[in-house]
Each structure stands twice: as C-alpha cells, then as structure tokens.
Amino acid sequence: DCCKPSCSWSRPGLTSPVKTCDINDKPLANGVDAQSGCQGGTSFACSDQSPWAISDDLAYGFAAVTSSNPACCQCFKLTFTDGPVKGKKMIVQATNIGDDVDGTQFDLAIPGGGFGLFDGCSKQWGATSDVWGAQYGGPSTNTCPKFPSKLQKGCGFRWDWMKGADNPKVDYEKVACPAAIVAKSGCSVAGSSRPRALPRAAAQKLVEG
C-alpha cells in the first residue's frame, strides 16, 4: 500500500522500528515520529523493502501479518506447497500489519501486487490502475516496465522468481532474521536468535507495501 509500515512505530521489544522514507523515497531521520503519508503525513514505505532472489529456490522479502498477532520484525520461512513455486522457499520479515490479513496469511510486499486496504502508492509514485492493476492482486499481466525505475526489479520478482503465482499456499515456521533483511529494514527483535516453530499457514496473498 506504500503507507508507513505499521512496524515503523515504536513498539516494545524492537531494537529499532522499521525504516521509512519520504515521498521522494529518501530515508527519514525521524521516521518513527512521522505521520503516515496515507494519513496526510510525510512517511511512506521505502522502495528497497521489496523482495529479491537469493537463488532459484530461495528469496528474501517483507510481508504484512495479521493484526491479531502483529509479530513485528520477526522473520518466517515460507515453503510454497502448490502452484509454479511449489518447493521454493522465501524468508520474510513482518514489517506491516493488516486488518484484512487472516491469521494464517502473509501479504507479501511486492510492487504491483495490489494496493490492498490502503493506497499510498498513488500519492508517492503516481500509481494508476491501468499499470498497477486491481486493488487486490494487481495487474493480470506483467506491466513492470511501466513502473517507476526503483520499483521495476521488485515488481519483476512476481513474474520471474514467483512465475506469476497467484496466492500460492505455504507452510511456515519462525526463523532468525538474515542480516541482509535486517540491513534493509533496520529492524530486529531483541532476543530473536532462538526461533520457535509456529503452525502451518493456509495461504499467502500478494499485496504491495
């Protein structure tokens, strides 16, 4: 949704909140105190908090999780169990919270995955529905070349590494966050080096931001 991530606010147990950026995608020094751009403020999601491939079978990224169990800045290993990505794995950090996210879902932060419940992308990036597609799910074809240059690689992830998969099912477990993910988000959980197993997920949804 491009709005300030929910985990960018100060929360107990975090080493520091998730980094945020201004409307020009420049890091905000006072991001924790800045109001979300979706509520008339100056804080938006940063473009580098997009997914990227480590190998053909492993990727890193970020996701929104259910508001009933926020789990801010914790990381989860998703194992896709159906569709064209069956068998692939993705480690995601929970940087956002979604009121429309089920307890067993992960909304992957993918440019072009759909705005979701809120839309800060139109304000930050001049997004239009003919390029960015439906509110939920985004475009039905690869329109990534028409996206802003900073978002094109993250947008392409959906069509390249994920092979255009549409809401594939996953199993998941809690894991320690890779340093490469923390370097982008700036956030980690105090004492998070000893992960515990969590129940299996039913599915994940694609959504931007």
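## A tour of the disulfides and aromatic pairs

The structure holds seven disulfides, a disulfide being a pair of cysteine sulfur atoms within 2.5 Å. This is a predicted model, in which local features need pLDDT of at least 70 and side-chain atom pairs count only at pLDDT 80 or more, while totals for chains, interfaces and linings use all residues. Residues are numbered from 1 along each chain as its sequence is written, and side-chain values use heavy atoms, with hydrogens and water left out.

**Disulfides**

Begin by selecting cysteine 2 and cysteine 121, which a disulfide joins with an S to S distance of 2.0 Å; with 90 degrees about the S-S bond, this link is right-handed. Cysteine 2 lies in the segment before S1 and cysteine 121 in helix H1 (residues 121–125), so the pair ties together parts that are 119 residues apart in sequence. Helices (H or I, at least four residues) and strands (E, at least two) are DSSP runs, numbered from the N terminus. Both cysteine 2 and cysteine 121 are buried, where buried means under 20% relative accessible area, exposed over 50% and partly exposed in between (1.4 Å probe, protein chains only).

Select next cysteine 7 and cysteine 72, whose sulfur atoms are 2.0 Å apart in a disulfide that is left-handed, with -85 degrees about the S-S bond. Because cysteine 7 lies in the segment before S1 and cysteine 72 in the loop between strand S2 (58–66) and S3, the pair ties together parts that are 65 residues apart in sequence. Cysteine 7 is buried at a relative accessible area of 0%, and cysteine 72 counts as buried at 9% relative accessibility.

Then move to cysteine 75 and cysteine 177, a disulfide with sulfur atoms 2.1 Å apart; the torsion about its S-S bond is about 105 degrees, so the disulfide is right-handed. Cysteine 75 lies in strand S3 and cysteine 177 in the loop between S6 and helix H4 (179–185), so this pair ties together parts that are 102 residues apart in sequence. Cysteine 75 is buried, with a relative accessible area of 1%.

**Aromatic rings**

Rings of Phe, Tyr and Trp (its six-membered ring) pair if their centres lie within 6.5 Å, and planes under 30 degrees apart count as stacked, over 60 as edge-to-face and the rest as tilted. By this rule the count comes to eight aromatic pairs. Select phenylalanine 80 and tryptophan 161, whose ring centres are 6.2 Å apart and whose planes are at 65 degrees, so the pair is edge-to-face. Phenylalanine 80 is in strand S3 (residues 75–80) and tryptophan 161 in the loop between helix H3 (149–159) and strand S6 (170–175), 81 residues apart; both are buried.

Tryptophan 132 and phenylalanine 147 come next, forming a tilted pair at 4.5 Å centre to centre, with 35 degrees between the planes. Tryptophan 132 is buried at a relative accessible area of 5%, and phenylalanine 147 is buried at 3%. Elsewhere, Trp52, Tyr60 and Phe62 form one aromatic cluster.

**Confidence**

Finally, colour by pLDDT, the predictor's confidence in each residue from 0 to 100. The protein chain averages 88, and 88% of the residues score at least 70. Confidence is lowest in strand S7 (residues 205–207), at a mean of 46, and highest in strand S1 (residues 52–53), at 98.
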